Amino acid sequence: MPSSRKPFPIHIVVFLAPAVIIYTLFMIYPLLDSLRLSLNTVDPATGNEVYAGLQNYQRLFTDALWQPRILGALRNNFVFFAIHMLVQNPLALILATLLSSRFIRGRTVYRTLIFTPSVLSIVLIAFIWRLILSPIFGKALFAPLGITLPPLLGEPATALPTLGLVSVWQWVGVPMMLFLAALIGIPDELIEAARVDGATGWGVFWRIKLPLILPTVGIVGVLTFVGNFNAFDLIYTSQTALANPAFSTDLLGTLFYRTFFGFQLQLGSPTMGATVAGVMFMIILIGVMIYMFTWQRRLLRNTVEL
Amino acid sequence: MKKVLLVLSVLMILLTGIAQAQDTVQLVIESWRNDDLTIWEDTILPAFEAQYPNIDVVFSPSAPTEYNAALNAKLEGGTAGDLITCRPFDLSLGLFQSGYLASLNDLPGMENFGDVAKSAWITDDGSDVFCVPMASVIHGFIYNADIFAELGLEEPTTVSEFYAVLDAIKENGQYTPIVMGTNDQWEAATMGYQNIGPNYWKGEEGRLGLIDGTAKYNEGGFLQAFEALAAWQPYLGDGYQAQTYADSQNAFSLGLGAIYPAGSWDISVFRANADFELGAFRPPVPDGQADCYISDHTDIAMGMNAGTENPEAARTFLEWMTTPEFANLYSNALPGFFSLSNAEIQLDDPVAAEFVGWRSECASTIRSAYQILSRGEPNNENDLWAASAAVLNQSMTPQEAADMVQNGLEQWYEPQMGS
């Protein structure tokens, strides 16, 4: 007997359509097409694109010219990421904890000040920091303090950590805000109950607050990961696409830019550029999957058990 | 105020109407020289339009770093302008071979240019010319004449005099002897290596030797040039490793340094910003060498989009660019960009005149890596940038840097392979 079947939920399709269409057209299709491009190569004789399988990837990782560049960019990218994970996120957590305390005056002022750099233009940030750290023009700032600044952005050993810290300075406000929102969301009863049970400030932080904001910690970690492996603009504006000095600040983003668009006399190669982009995509995909299948799954399980 | 605006807009509409009524042809120029926009609009184009009132020319530049990519995209999409500003050598050659640039062999007035002038915009076998040469840039040294007068120094002509001058400035201690940084790399390679180098590798003789495989970067003149460059290190300013090209220009304009290794295009920058007397001397020759060589690099030209809808008007404009009138106009409007025309040119700027005067005293050559040698991977020019910066940063010895550049060339360039 035909039961009273529900009509097809057309409204769901209608509501989903704009997002699905736009996202497919402008994100998924270009992504897939870029991956397709990375499997092709340009035939020098005819100028046509021909299918080449994984040749480009093999070339990228084994060719004597490409290998040091891609490995260097990978290494630098992990250093850049490590700086953010070890400096930016703990710092953001400390700041958020301090700012969520009711005993600190002028919290909104601090919050605004710390957040401001992340709404400034990256070009402005790069320009200002270049001026501050410039051995010629930064003298005026540091000479009265009796400090002679080494050329931090000009030495291969210091350029990348310096730029990493500039990036931390700019972006620390964002994870701070996320942590702050999570901390404020913790019910006061829990903290009061812990206090009544005799927990110290430290104890409350480690045993109550931190476990409760762990989901946010995970989100911040994965956002940092994605953001850092896509990073490009700060290096480009501060050190140019050549990632001076001597490629020591080269990230996957700048390597991609040089490869795809070419630089000065070097002509761009869309297929090799797409190959670098493919590597970036794979790394980010793997990173996000690790997060999804370990961290998030454990959190979900914990919630269910609760 | 509103009335004025109203009257103005009515006038504008009327004027546009008149212009359209006269059946004018519009030409668009693609260029990377956005610095020169006002000069084209206020000086050069009005002079042309006065003679050819029915041709309206629009100068439409894009940013230098984006020009190559943007132009390629526009040409492929069929939306590029009628006239294309040509980069030297392989980039333009590639456009011609892809059929985007028209051949200009039969353009009247091309006989006003010598072979060297045309060499950057000609096919390898010399059968097709595809751009009208506009200008070259010359390397040398610009100095702060006030500082030279204060310290009682004279323009050096030989290498030992050059170092004597540098030592004197360093000893005095108030000024940076050489204002140059290695942050941008190309500054060290172009203003350093290619500036002083031709004296060591005997100009064209050495450059052509690299192309036919008889000369090498890691021996003879090309190695000596790296050694000479490395000797500049003690005379550079504090923290030169982080000094950018713009930093160098600013530092010299502010009078912080005495000598600036220059490209002639810097003249107009310093004319606008520096309030002291400028002087110039050419790259010093090694002691005991009689002949001198300068880098007189063919840098900019103009070609015709093969797909233009107004080929006749475009050819009229290009023909006008071959005339002595254009040569004079251009060279004086942009001191530091020297016309490649054979015509006699009177330059008003004394420093620019000094630079161009070296052409008659010394033999000219172009930058060593531009013709043919930057076609492969690794790119020879980019290798030279890295090597020059590394030598000054003391992360490589001159021999190591020269070996690296030579090794890069041997990877793909047949005449240099296996020798």
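**Figure 1. Strand β6 of chain B and its partners in the predicted model.** In β6(B), Pro261(B) is the bridge partner of Phe141(B). This is a predicted model, in which local features need pLDDT of at least 70, side-chain atom pairs count only at pLDDT 80 or more, and totals for chains, interfaces and linings use all residues. Residues are numbered from 1 along each chain as its sequence is written, while chains are lettered from A and ligands numbered from 1 in the order in which they are written. Strand β4 (residues 131-144) of chain B and β6(B) run antiparallel, joined by five bridges. Strands (E, at least two residues) and helices (H or I, at least four) are DSSP runs, numbered from the N terminus. Two strands pair if DSSP finds at least two bridges between them. Strand β5 (residues 176-178) of chain B pairs with β6(B) in the parallel sense, over two bridges. Here Ile178(B) has Ile259(B) as its bridge partner in β6(B).

**Figure 2. Burial of strand β6 of chain B.** The strand covers residues 257-263 of chain B. Seven of its seven residues are buried, so β6(B) is largely enclosed by the rest of the structure. A residue is buried if 20 or more other C-beta atoms, placed from the backbone, lie within 10 Å of its own.

**Figure 3. The two domains of chain B.** Domain 1 of chain B takes in 2-135 + 299-355, and domain 2 of chain B takes in 138-296 + 366-416. These bounds come from an automatic or database domain assignment. The C-alpha centres of the two domains of chain B lie 31 Å apart. Their contact takes 13 residues from domain 1 of chain B and 15 residues from domain 2 of chain B. Two residues are in contact if their C-beta atoms, placed from the backbone, lie within 7 Å. On the domain 1 side, helix α16 (residues 350-361) of chain B gives the most, with four residues. That side divides into nine nonpolar, one polar and three charged residues. Ala, Val, Leu, Ile, Met, Phe, Trp, Tyr, Cys and Pro count as nonpolar, Asp, Glu, Lys and Arg as charged, and the others, Gly among them, as polar.

**Figure 4. Where chain A touches chain B.** Chain A gives 22 residues to the contact, and chain B gives 24 residues. The chain A side holds 13 nonpolar residues, eight polar and one charged.

**Figure 5. The build of chain A.** Chain A has 14 helices and four strands. Its C-alpha trace spans about 90 × 80 × 30 Å along the principal axes. Of the 306 residues of chain A, 30% count as buried.

Key:
Buried ≥ 20, exposed ≤ 12 C-beta atoms within 10 Å, placed from the backbone.
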